[in-house]
Amino acid sequence: MRGEVSFDGVFLPTLLVLAVIASVITLVLMRIANVIGFYRLFAYRAMVDLCLYILVLGLLVWASPLIGFRQ
């Protein structure tokens, strides 16, 4: 994973960009999980949301060379 991404001359860390993307994806997945009733299976919703975010971020970091971030 490259260290920086340039947006209009402003350098941002790659992990920050991936974290923002993971936040958006997690918000969409949380909405879907709420609609289908996935949260009824768990006692502590916040922990499920945190674990979901960590899984999505880890998947994005792992797949970063495939989505355009060079190593």
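Modeller: A nonpolar core is a set of buried Ala, Val, Leu, Ile, Met, Phe, Trp, Tyr and Cys residues joined through side-chain atoms within 4.5 Å. Buried means under 20% relative accessible area, exposed over 50%, and partly exposed in between, with a 1.4 Å probe and protein chains only. The model is predicted, so local features need pLDDT of at least 70 and side-chain atom pairs 80 or more, while totals for chains, interfaces and linings use all residues. Residues are numbered from 1 along each chain as its sequence is written, and side-chain values use heavy atoms, without hydrogens and water.

Biologist: Which residues make up the largest nonpolar core?

Modeller: Helices (H or I, at least four residues) and strands (E, at least two) are DSSP runs, numbered from the N terminus. The largest nonpolar core has 6 residues: L18, A19, A22, V56, L57 and L60. The elements giving two or more residues to this core are α1 (14-36) and α2 (45-62).

Biologist: Which elements do the buried residues of α1 pack against?

Modeller: The buried residues of α1 include T14, V17, M30 and A33. Contact means heavy atoms within 4.5 Å. The buried residues of α1 pack against β1, β2 and α2.

Biologist: What does V56 touch, not counting residues up to four places away in sequence?

Modeller: V56 belongs to the largest nonpolar core. With those sequence neighbours left out, V56 touches A22, I25, T26 and L29.

Biologist: Is D8 buried or exposed?

Modeller: D8 lies in the loop between β1 (4-7) and β2 (10-13). Its phi is positive, near 55°. With a relative accessible area of 83%, D8 is exposed.
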